[in-house]
Each structure stands twice: as structure tokens, then as C-alpha cells.
Amino acid sequence: MFVNNDANQRLCESLVSTSYVRQADEASKRQTKLFSQLVSNRKLPTDGWNEQVIESFLLELSQLDSNNFLDNCGVGEREGRVYSKLVQRRNFGLHHGIGRSGDVSADQPKAIGSSIIAKLANILVADAMKISGLQSIDSTTTLLLPLCTGMSLCSVFNALRAHQREEQNAKEDERQNTIVWTRLDQKTCIKSILASGYDVCVVDPILEKDELVTNLQALEKELSAEENENTKKIACVVSSTSCFAPRASDDVEAIAKLCQKYNVAHVINNAYGVQSRKLCVKIEAAMRKGRVDCVVQSLDKNFLVPVGGAIVCASKGNGYLVDKVRKLYPGRASISSTLDVLITLLEMGKTGYERLLDERETNYEKLKMALERTASKYGERVLETPNNPISLGVTLTSSRNDLVTKFGSMLFTRRVSGARTVPMQETKKIGDVELRGFGASFSTYPTAYFTAAAAIGMREKEIESFELQLEKTFKDFVKLT
Ligand SMILES: *Cc1c(COP(=O)(O)O)cnc(C)c1O
């Protein structure tokens with residue numbers, strides 16, 4: 001900013017040697033080029049940027065926001081004033097948030113730096129998702145929201161209601177009021193439906209060997225018109241890809257075909273599925289061969305940033321629901337999660353991102369082997385769930401059912417976090433929906449078990465320590481039973 005222009009360079013040359021100024025100028029031009037490449041290529045840089053470059057890039061952009069103008073005099077009720085210098089530094093002086101009251105993706109006139117950052121984050125996230133295999137999306141049909149997955153799903157359902165009301169102008173009792181949900185026992189999934197004011201119609205999966213797969217027959221029965229008449233009006237189907245074993249990823253392609261056949265909207269909860277190429281291939285096929293109105297995924301679970309954001313996307317040319325979400329979103333958005341993911345993807349680059357995807361796949365195999373080794377010593381086994389590429393389940397049969405959750409707390413005491421124990425025959429009520437066999441996504445799963453996941457960013461060392469602690473835990477556990 002200070003020396004990257006000709007006039008100032010001449011002035012510098014009056015202070016120090018011309019050749020040194022030229023040389024320094026060449027170096028700074030290389031940084032300038034990184035930015036021009038980013039904006040013109042609209043893709044992840046092949047190699048990540050270093051921290052210092054990213055920092056100066058952000059500080060320079062923040063100078064484009066009006067709160068940082070030297071002579072700015074603010075007379076509005078929101079002028080990006082911040083009391084604490086620590087808060088200011090934590091935000092790189094980007095205080096104005098993103099968007100305008102009419103559209104959360106619109107340029108914010110008071111904050112052009114922030115607006116550029118938001119656009120770039122959007123472009124890079126869409127590119128990363130393409131690298132994972134979601135080829136049909138693009139940045140125009142990709143929206144970052146400063147809300148977690150559950151709240152983002154909620155926004156999608158609300159947008160769907162607004163859209164369907166405008167489309168049909170239907171009378172109150174003819175309006176779509178029900179969401180058909182392929183059961184996945186994660187409370188947020190069902191709460192996102194209830195919180196948006198819809199009734200839930202639960203479609204339980206079916207058990208195939210160890211694995212819980214989509215019950216397409218039951219789903220079709222719900223969708224077919226005869227069944228439906230005068231009872232419930234279906235707003236959409238919600239399916240899921242990433243989930244706890246032994247539930248498999250839904251057969252989203254078959255569901256998409258059914259939704260097309262019955263002309264019903266289809267929303268895919270792809271919470272942590274972007275990290276898995278296998279899951280992305282499934283979604284891509286669903287988008288190409290059937291009906292998918294929207295796909296929702298977590299920013300933190302997929303891109304190694306703090307909790308707080310999600311991505312809502314759709315295939316190119318089919319962004320009506322994504323657009324509705326951005327227009328219906330009331331207010332401005334926090335820049336936090338957008339900034340975090342932009343910084344992260346710039347630092348990671350395409351090479352870093354692909355390496356993480358590869359490592360995760362290898363880690364899944366390693367984790368599976370570690371679990372098999374340990375389980376077999378104690379008469380247990382790894383559940384066969386070929387259609388779940390992230391999570392693995394291990395039976396806890398030789399124990400008493402009432403001690404199963406104890407196994408989880410014993411692991412936690414040994415500093416193993418994230419393992420999830422599921423006893424048999426638990427029942428939970430969420431809102432007015434009763435779920436038998438809660439935890440397993442199935443009312444009568446034949447065994448208790450625990451799960452562990454090979455998620456993006458997991459290190460090999462963690463698998464090794466886990467194996468060690470698991471062994472000790474099993475040893476202590478058999479003494480209890
Ligand atoms: C994590 C997760 C959610 C909830 O995500 P939040 O970001 O906490 O809202 C919803 N559904 C599934 C399948 C998940 O794994």
C-alpha cells in the first residue's frame with residue numbers, strides 16, 4: 001500500500017539505493033500476483049500461502065472498510081466501532097459483517113474489504129467442494145451461513161415454506177406441513193425440522209446384515225399420492241449421508257429419483273460428508289440423476305475451523321432454494337466463520353486439501369484395523385458397514401447392557417473423546433416424536449456397540465494412542481461384567 005506505487009518508490013529511492021528498492025519491489029510484486037491469480041483463477045491456490053502473506057492480505061483488505069478510513073466520520077447507529085483493541089485484532093479490523101438486510105450475500109457498501117473477503121471465501125469453499133467431488137455445484141449456488149448445520153437446515157426449511165407458499169398460494173389446510181425424514185439419531189437433525197415448525201414423518205432404515213440402509217419401499221409409500229391424500233402434505237424429504245455407524249449413508253441417488261417421480265423437494269444433510277470423496281460421489285449422482293433441491297454441510301466438521309458456520313449449496317442452475325435462503329435471512333451475517341475458512345483454505349491450498357482427504361482415507365483403514373485387532377481379543381467384532389466411509393462400530397455384546405455407557409465414560413477418563421456408546425433399547429422423546437432404540441437409528445438393533453470416526457485432520461498418532469487406551473479399557477471393562 002505504501003510502497004507498491006511508482007510515486008512512493010521514487011521517494012524511497014531518494015532515501016536508499018535504487019537497486020535495493022527495485023529488488024524489494026520485485027518481491028512485493030510476487031505477493032501482489034498471488035492476489036491477482038486468486039481473483040482471476042477463482043480456485044484454491046495450488047500451494048498454500050504463508051501466514052505472513054495472508055495476514056498482510058487481510059489487513060490491506062480491511063483498510064477498504066469505512067470504519068478504517070482515516071477521515072471517516074460515522075453518524076449512523078452501526079459504524080463498526082469496537083471498544084477493545086484485542087477484539088479489533090482478533091477481527092483484523094473487519095467489523096461490519098457481511099451482506100445487507102435484503103440479502104445476506106449482497107455487497108455491503110460500508111465494507112468493500114469484507115465484501116471481497118466474503119466473495120473469495122465463497123469461491124474457495126465451492127472449489128474445495130468440487131475437489132471433493134461435488135462437480136455440479138458452483139460458487140453462485142453455494143452460500144456460507146454464520147449458523148451451524150442445524151440452524152442452516154432450519155433456514156432451508158423456512159425458505160422452502162416461503163417458496164411453496166408463493167408458488168401455490170394454497171389455503172391454510174392445503175399447505176405442506178410435513179417433512180419426511182430418513183431416521184438418523186442425532187438430535188440436531190430432528191430438532192432442525194421441529195424448530196422450523198413442520199411435523200416429522202419418520203422413515204426407519206432397514207437392517208441388512210450389520211448395516212442400516214435406506215428403506216426405499218417405506219419412503220415410496222409415504223410419497224405416493226394415494227397414501228397421502230387428506231392426511232399430510234409433504235414439504236420435502238430429508239436424507240443424510242454422513243452418520244454414525246452402523247447406519248449407512250442414505251441411498252441419496254435412489255431417494256432423489258423418488259423425489260423426482262413424486263415431485264417432492266429433497267434436502268440432503270451432508271453434515272461432515274465433504275471430507276469423503278465416496279459420499280460426494282453419491283451426492284453428485286443424486287444431483288445428476290434425480291431431484292436434489294439443497295445440500296447442507298458443516299464448515300467446522302469439513303474444513304478444520306471453529307464451530308459456527310455451514311454451507312448451503314445446490315447444483316448449478318438449480319439454486320432457487322439457496323437464493324431463497326439468502327434473501328430470507330434476516331439481517332447481516334457475522335464474518336467470523338467466513339474469515340476462518342478463507343484463511344484456512346488459503347493456507348492449505350489445493351495440495352494441502354487433497355493431502356488431508358487422502359490421509360483421512362488411509363486413517364479410516366488404519367482405524368478399522370486397530371479396532372479389529374483389539375475387538376477380536378475380547379470376543380467382539382467391528383460391524384460391517386461398507387456404506388459408511390467415516391464412522392466405525394464395534395460390538396459390546398459380552399457385556400451387560402446397563403454397563404455399556406460406562407464403557408464410554410471409561411474411555412473418556414482415559415482421554416479418548418468422541419467415542420459414542422449405544423446401549424440397546426433406549427427410548428428418547430424429541431418434541432412429540434418418540435424414537436425407540438435411540439442412538440442406533442433403529443428400534444431393535446441386535447447389539448450394543450460403540451463408534452469411532454476417522455474424521456479429517458485426525459493424526460496417525462491419535463489412532464495409536466486410541467488403540468492403546470481401548471485395549472486398557474476393554475481389560476478393565478471385562479472385570480466389571
Ligand atoms: C453434526 C451434525 C449435525 C449438527 O451440526 P451443528 O453444526 O452442530 O448444527 C446435524 N446432523 C448431522 C448428521 C451431524 O453430524
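A residue counts as buried when its relative accessible area is under 20%. In this predicted model, Phe-407 comes out at 0%, so Phe-407 is buried. That residue is a handy way into a group of aromatic side chains: Tyr-378, Phe-407, Phe-450, Phe-474 and Phe-477 form one aromatic cluster.

The structure holds nine aromatic pairs. In one of them, the ring centres of Tyr-378 and Phe-474 are 4.9 Å apart and the planes make an angle of 10 degrees, so this pair is stacked. The two partners come from distant parts of the chain, 96 residues apart: Tyr-378 belongs to the loop between α14 and β10, while Phe-474 is part of helix α16, which covers residues 460–480. Tyr-378 has a relative accessibility of 16%, so it still counts as buried. Phe-474 is buried too, at 2%.

Phe-407 has a ring partner as well, namely Phe-477. Their centres are 4.9 Å apart, but the planes are at 80 degrees, so here the arrangement is edge-to-face. Because Phe-407 sits in helix α15 (residues 404–413) and Phe-477 in helix α16, this pair ties together parts of the chain that are 70 residues apart in sequence. With a relative accessible area of 3%, Phe-477 counts as buried.

Now for the strands. Strands of a sheet pair through backbone hydrogen bonds, and they can do this in a parallel or an antiparallel way. Here, three strands make up an open sheet in the order β10-β14-β11, with antiparallel pairing. At the edges are β10 (391–395) and β11 (420–422), each of which pairs on one side only. On average, neighbouring strands of this sheet are turned by 25 degrees against each other, with direction ignored.

The charged end of Arg-420 sits over the ring of Phe-244, at 3.7 Å from the ring centre. Likewise, the ring of Tyr-198 has the charged end of Arg-161 over it, 4.4 Å from the centre.

How values were computed
Residues are numbered from 1 along each chain as its sequence is written. Side-chain values use heavy atoms; hydrogens and water are left out. Two strands pair if DSSP finds at least two bridges between them. Helices (H or I, at least four residues) and strands (E, at least two) are DSSP runs, numbered from the N terminus. Axes are lines fitted to C-alpha atoms, for helices over the stretch in contact, and angles run from 0 to 180 degrees between N-to-C directions. Rings of Phe, Tyr and Trp (its six-membered ring) pair if their centres lie within 6.5 Å; planes under 30 degrees apart count as stacked, over 60 as edge-to-face and the rest as tilted. Buried means under 20% relative accessible area, exposed over 50%, partly exposed in between (1.4 Å probe, protein chains only). A charge sits over a ring if NZ of Lys or CZ of Arg is within 6 Å of the ring centre and within 35 degrees of the ring normal.
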